[in-house]
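Me: I am new to this structure. Please take me through one part of it closely, and then show me what surrounds that part.

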Amino acid sequence: EHLTDDYDVLRHEREAHLGPIWHFYAKPLHITRARGAWMYAADGTAYLDVYNNVPQIGHCHPHVAKAIYRQASALNTNTRYMCDVAVEYAARLTADLPDHLDTCIFVNSGSEANDLAMQIAMSLSRQDGGLIIDQAYHGCTELTTALSNESWRHLPAEEHPKRIETLTAPDMYRGPFSRDPQAAAKYAADADRAIAALRERGHRPAAFMVDTALCSSGVLRAPENYFNLVAEKVRATGGFVIADEVQAGCGRMGTFWGFRANGLKDENIDFITMGKPVGNGHPLGVVILSSELMKRFLNGTYPLLFSTFGGNTVACAAGMAVLDVLEREDLIKRGAAIGEYLRQELGRLAEQHPVIGDVRGLGMMTGVELVTDRLTKEPAITLTERLIDDMLARNILIGKGTPNTLKLRPPLIWSRDEVDIFVNAFDDSLRKHQ
Ligand code: PMP
């Protein structure tokens with residue numbers, strides 16, 4: 001009784017002082033603690049977190065928490081000093097990258113990283129256009145909102161940004177070339193159309209920005225070589241390629257770099273951007289580029305590149321601790337194996353539940369597309385919402401990418417036990433809603 005009162009008061013005060021909260025549920029959760037794979041509400045309820053894409057190595061990992069505390073107790077200020085932890089972290093983060101991806105610029109979020117990468121691409125190419133994949137999300141600044149048609153696709157066409165072109169998503173489940181052996185080339189040909197359309201409006205692409213996990217497009221798996229074909233077309237027009245690793249990076253897809261898991265070659269990348277899991281919850285964003293591009297940029301239009309908090313000592317200590325844990329606990333390999341097991345179990349459920357149209361993904365990134373009919377592939381939108389709510393009632397948090405695709409992104413620390421808890425509950429939930 002008392003807790004319900006508290007909840008209602010908190011919710012009212014939240015709206016009064018902070019505005020509405022963005023969430024999937026009719027009643028937003030009041031979470032007060034989290035550890036490992038679990039989150040705990042104020043009333044003590046434990047929730048299995050199958051959605052969160054930030055705590056990649058598990059919530060509140062003690063090694064990261066200690067590193068943050070230790071560094072915050074030693075030095076925590078702006079970034080106008082030489083500082084060994086930032087240097088060491090940048091060297092470690094780029095250690096397995098080729099020479100043309102050797103320099104880090106630290107910022108505070110994924111949006112900021114993408115915004116800066118695009119600014120540099122525009123400045124150096126002297127072009128101002130952008131290519132993105134349909135339903136992309138790359139951030140919330142003015143520039144990255146323009147690069148996120150998930151944010152503006154509902155608006156009438158005349159309100160869409162004129163210097164951005166959207167490429168047909170390389171969807172191998174329901175897309176126009178899903179059954180075509182030439183799918184990669186045919187989907188990539190849309191970049192020719194897009195480049196021509198930009199040119200007609202007086203623009204050329206400064207960059208192709210891409211999340212190779214195609215997460216907000218529905219966790220799609222692009223056909224082999226698709227990303228390279230598009231990258232080559234864009235680079236041929238003088239544009240750059242920005243691999244947005246905010247979702248795919250840091251081990252999510254079975255390798256540290258998501259673009260490698262998804263077949264975008266190192267040599268086709270000019271910028272890598274990172275966010276979310278890179279600090280496991282501590283704010284940190286990264287742009288990786290060549291020292292050559294960095295020099296050209298600083299000698300050009302924008303000599304005062306500085307972020308007060310970007311890559312401060314505490315953020316770098318958090319980032320370094322995340323790398324420690326990934327290595328020590330062998331989490332990337334473990335996550336890849338558990339992700340396979342999860343998809344195998346979901347495949348087993350698909351044999352009993354025809355509403356499961358497709359199960360796809362890599363490593364610990366899985367999409368489950370729900371349909372009312374397997375032949376027509378009619379999206380099961382209402383069912384998707386019901387399942388998300390019903391799983392909440394079973395104390396399991398899941399989310400969706402598209403209106404009928406569940407997005408499952410558990411931490412890499414899962415064992416088969418967590419998969420079984422999730423799959424059994426999902427099975428029951430599907431049974432209830434058939
Ligand atoms: N890129 C991608 C692929 C993302 O998913 C997001 C966040 N959902 C961002 C960029 C923006 O990151 P942030 O919210 O940290 O600014």
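Which strands does helix H7 (residues 183-200) lie across?

Reply: Helix H7 lies across E5, E6 and E7. Its direction is at about 165° to E6. Helices (H or I, at least four residues) and strands (E, at least two) are DSSP runs, numbered from the N terminus. Angles run from 0 to 180 degrees between N-to-C directions, with axes as lines fitted to C-alpha atoms, for helices over the stretch in contact.

A word on the source. This is a predicted model, where local features need pLDDT of at least 70, side-chain atom pairs count only at pLDDT 80 or more, and totals for chains, interfaces and linings use all residues. Residues are numbered from 1 along each chain as its sequence is written. Mean pLDDT (the predictor's confidence in each residue, from 0 to 100) is 95 for the protein. 98% of the residues reach 70 or more. The scores are ipTM 0.99 and pTM 0.97.

Seven strands make it up, in the order E4-E10-E9-E8-E7-E5-E6. The sheet is open and its pairing is mixed. Strands pair if DSSP finds at least two bridges between them. Strand E4 (103-107) and strand E6 (164-167) are at the edges. Each has a single partner strand, so one side of each has no neighbour in the sheet. From one strand to the next, the twist averages 20°.

Look at one pair. Strand E5 (residues 129-133) and strand E7 (residues 205-210) are parallel, with three bridges between them. Gly129 is opposite Pro205 in E7.

Last, the wider layout. The domain assignment (automatic or from a database) gives domain 1 (2-57 + 330-432) and domain 2 (62-328). Their centres, taken over C-alpha atoms, are 26 Å apart. In contact (C-beta atoms, placed from the backbone, within 7 Å) are 27 residues of domain 1 and 25 residues of domain 2. On the domain 1 side, helix H12 (331-352), strand E11 (356-362), strand E12 (365-373) and strand E16 (405-408) each give two or more residues. That side has 10 nonpolar, 12 polar and five charged residues.

A second sheet has four strands, in the order E1-E2-E3-E14. This sheet is open and mixed as well. Strand E1 (31-35) and strand E14 (396-397) are its edges, each pairing on one side only. Strand E3 (residues 46-49) pairs with E14 in the parallel sense over two bridges. There, Leu48 has Ile396 in E14 as its bridge partner.

Key. Contact = placed C-beta atoms within 7 Å. Nonpolar A, V, L, I, M, F, W, Y, C, P; charged D, E, K, R; others polar.
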